[in-house]
Amino acid sequence: MNRQIARLALVGLALVAALIVATTYWQTWAAAGLADRQDNEIQRVAQFSIKRGLIRAADGEILAANRAKRVAGQTLYFRRYPLGGLFAHVVGYSTQSRSRAGIEASENDYLTGSNANLSTVLKTALDRLKGATITGNDLWLTLRPAAQRIAMAQLAGKCGSAVALDPRTGAVLVMASRPTYDPNLVESNFGAISNVRASCTPAAPLLNRATDGLFTPGSSFKVVTSAAALDSGRYTINSPFYDPGYCTEYGKQVHNFADQNGPERFGHVTLTEGLQHSINSVFCNIGIKLGALKILDYAKRFGFYSTPPLETPPSERLASGLYDHGKLFYPKHDYQVDPGRLAFGQERLGVTPLQMAMVAATIGNGGVVPKPYLVQRIVAPDGSTVRKAQPGNLGRALKPETAATLTQMMVTVTEGGTGNAAAIPGIHVAGKTGTAETNVSHVYTAWFISFAPAENPQVAVAVVLEKQLNGFGGAVAAPIAKQVMEALLPR
């Protein structure tokens, strides 16, 4: 009998212990996971009794704040966005009816004080016991408001994006997307957002074109082809070519693009001159010699075929690469891809502005791919640092000497080539234009990628503009990149 009582007592103690552990787990350690679930309606509503942490730009300007409101005797906190659509695609929104997007969604656990850091768990638990208002952690981002304003102003009335990175660290300095939307209207007047009109169809104002938009890169991709040509040892900057105005592929002529800084036929040129004047026939022939798989191998080294690591939600980021019927496609054989058109950035390529900024940043960083990031630090209500950015890299894409050679070649693009409009007096700018064909005659996707100063890069930029009627990259995208670079470079 005593043995049975003892067993019963042990079972009872085990059940009590399990109850304590389970309760602790669900109220503390699992809170972050619960908070992030979009379908957890009770949790989502309850979070409005929490005073969410602020979201700030690099200079401290407030991008997301709170508006207190008394409801049924309880103080609830609702979001307001002082700068409207300026940072909407990065910051996102937090609402009752439409849940969350952007950093508001991906960093929700920190913003609501439900992250699993021991100090936050203890403070939140203590505030609950005291009945005090729970206050979340503040987020400080890497974004620079002055440069962001310039980028958004230059993109006004267009559909496109501009991204700027610090090539040394990967910090995202600018992430602009047009058309934009006012996150203050998501809860109260979503119809106004849905009815946004723009120069492209669909306007898709909620789409972050910087990370979630796919565009044909055109000649901006020639930088990747040049990297493969040089780094593989198959070509040098002085490798000779003869340009009759076209290359022959599969028995057909593939002509140079009309946006050439000079005659349509260049005759005898070097690889450097091929990049400087963006000569399609040069790169078409390089593609045929190297093969598609070699070029794509180097593209992967730059980050293609991987979703860029960033603190925004995974659903708001896309990988760059070849797309076939809407799906990312990596060929098993060279014959599955047109190597000539791949080499000058057409074929089925779809890339994001973030990825092309990473390409420029990698060359400027000596061939090492910087890991992009948006959150500089997270600060607790008492001012202590909860989390701080740890700049890193995604590996080496190119030999240092290849990156240095490519830099020299890209400088010729802005100093006597197709990218003159991006030249900055007193500063050497390394750049590359891009004008991708669309399925509409004389309507192009215009690009410019760059970094500066060429000898000591501090900023790398990518600009894309959709559906530009007779709009070439050197004419419409390069001037925007120039203004963004000027806004970020020390004066």
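Trainee: Which residues point one way from β21, and which the other way?

Mentor: V443, T445, W447, I449 and F451 point one way from β21, while Y444, A446, F448, S450 and A452 point the other way, and all are buried, where buried means under 20% relative accessible area, exposed means over 50% and partly exposed lies in between (1.4 Å probe, protein chains only). In a regular strand the side chains alternate between the two faces of the sheet. Before we go on, keep in mind that this is a predicted model, in which local features need pLDDT of at least 70 and side-chain atom pairs count only at pLDDT 80 or more, while totals for chains, interfaces and linings use all residues. Residues are numbered from 1 along each chain as its sequence is written, and side-chain values use heavy atoms, with hydrogens and water left out.

Trainee: Okay, and what runs beside β21 on the β20 side?

Mentor: Strand β20 (residues 430-437) is joined to β21 by eight bridges, and the two run antiparallel, with G431 opposite S450 in β21. Strands here are DSSP E runs of at least two residues and helices are H or I runs of at least four, numbered from the N terminus, and two strands pair if DSSP finds at least two bridges between them. In the hairpin of β20 and β21, which has five residues between the strands, H442 takes a positive phi near 70 degrees.

Trainee: How many bridges join β21 to β22?

Mentor: Nine bridges join β21 to β22 (residues 459-469), again in an antiparallel run, and Y444 stands opposite Q468 in β22. A hairpin of six residues leads from β21 to β22.

Trainee: Switching topic, what is the strand order in the open sheet of six strands?

Mentor: The order is β3-β2-β1-β6-β17-β18, and the pairing is mixed. At the edges stand β3 (74-80) and β18 (385-388), each with a single partner strand, so one side of each has no neighbour in the sheet. Strand β17 (residues 375-379) pairs with β18 in the antiparallel sense over three bridges, and R377 stands opposite K388 in β18.

Trainee: How many disulfides does a search of the whole structure find?

Mentor: The search finds two, a disulfide being a pair of cysteine sulfur atoms within 2.5 Å. One of them is formed by C159 and C200, with the sulfur atoms 2.0 Å apart. C159 lies in the loop between α8 (145-155) and β7 (160-165) and C200 in the loop between α10 (190-194) and α11 (209-212), so this pair ties together parts that are 41 residues apart in sequence.

Trainee: Why is that one called left-handed?

Mentor: The torsion about the S-S bond of C159 and C200 is about -85 degrees, which is why the disulfide is left-handed.

Trainee: Are C159 and C200 buried or exposed?

Mentor: C159 counts as buried because its relative accessibility is 0%, and C200 is buried with a relative accessible area of 3%.

Trainee: And what does C247 join to?

Mentor: C247 is joined by a disulfide to C284, with an S to S distance of 1.9 Å. This pair links distant parts of the chain, with C247 in strand β10 (residues 246-249) and C284 in helix α14 (residues 280-290), 37 residues apart. The link of C247 and C284 is right-handed, with 50 degrees about the S-S bond, and both cysteines are buried.

Trainee: Last one, how many helices and strands does the chain have?

Mentor: The chain has 19 helices and 22 strands, and buried residues make up 56% of its 491 residues.
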